[in-house]
Amino acid sequence: DGDQHTPYNLPVAILGKGCGQFDGNLHCVYPMDTPFMNFGLTLLDKVGVHLDAMSDSTGRLSGL
């Protein structure tokens with residue numbers, strides 16, 4: 001619901017390859033209600049920032 005600004009079940013596009021950290025031409029689908037911070041945690045790993053968890057994350061996303 002865009003009026004509530006809730007970060008649930010959002011479509012996300014990553015443009016570019018992040019200096020070679022991301023493969024191109026991917027379409028990834030994750031289970032409904034996967035915490036959005038799992039995406040953030042995965043992105044941080046890709047740029048060399050390693051955290052155990054952040055916010056409501058439950059782990060990293062595979063396939064990125």
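This is a predicted model: local features need pLDDT of at least 70, side-chain atom pairs count only at pLDDT 80 or more; totals for chains, interfaces and linings use all residues.
Which residues form a nonpolar patch on the surface? Leu 10, Val 12 and Ile 14 do.

**View 1. The nonpolar surface patch of Leu 10, Val 12 and Ile 14.** Together, Leu 10, Val 12 and Ile 14 have about 230 Å² of accessible area. One of them, Val 12, is located in the segment before helix 1. The relative accessible area of Val 12 is 44%, so Val 12 is partly exposed.

**View 2. Asn 38, a buried residue of helix 1.** Helix 1 covers residues 36-46, and Asn 38 is found in this helix. Asn 38 counts as buried because its relative accessible area is 4%, which is under the 20% cut-off. A polar atom of the Asn 38 side chain lies 3.3 Å from the backbone nitrogen of Gly 59. Gly 59 is also among the contacts of Asn 38 when neighbours within four places in sequence are left aside.

**View 3. The aromatic pair of Phe 36 and Phe 39.** The count of aromatic pairs comes to 1. In this pair, the ring centres of Phe 36 and Phe 39 are 5.7 Å apart, and the planes make an angle of 40 degrees, a tilted arrangement. Phe 36 and Phe 39 are 3 residues apart in helix 1, so about one helical turn separates them. Phe 36 is partly exposed, with a relative accessibility of 28%, whereas Phe 39 is buried, with a relative accessibility of 14%.

Terms used:
Residues are numbered from 1 along each chain as its sequence is written. Side-chain values use heavy atoms; hydrogens and water are left out. Helices (H or I, at least four residues) and strands (E, at least two) are DSSP runs, numbered from the N terminus. Buried means under 20% relative accessible area, exposed over 50%, partly exposed in between (1.4 Å probe, protein chains only). A polar contact is a pair of N or O atoms within 3.5 Å; within protein, one must be able to donate a hydrogen and the other to accept it, and residues adjacent in sequence count only if both atoms are side-chain atoms. Contact means heavy atoms within 4.5 Å. Rings of Phe, Tyr and Trp (its six-membered ring) pair if their centres lie within 6.5 Å; planes under 30 degrees apart count as stacked, over 60 as edge-to-face and the rest as tilted. Patches are made of residues with over 30% relative accessible area and no salt bridge: like charges are joined within 9 Å, nonpolar side chains (Val, Leu, Ile, Met, Phe, Trp, Tyr) within 5 Å. Accessible areas come from the Shrake-Rupley method with a 1.4 Å probe; for residues, only the protein chains shown count as cover. A salt bridge is a side-chain nitrogen of Lys or Arg within 4 Å of a carboxyl oxygen of Asp or Glu.
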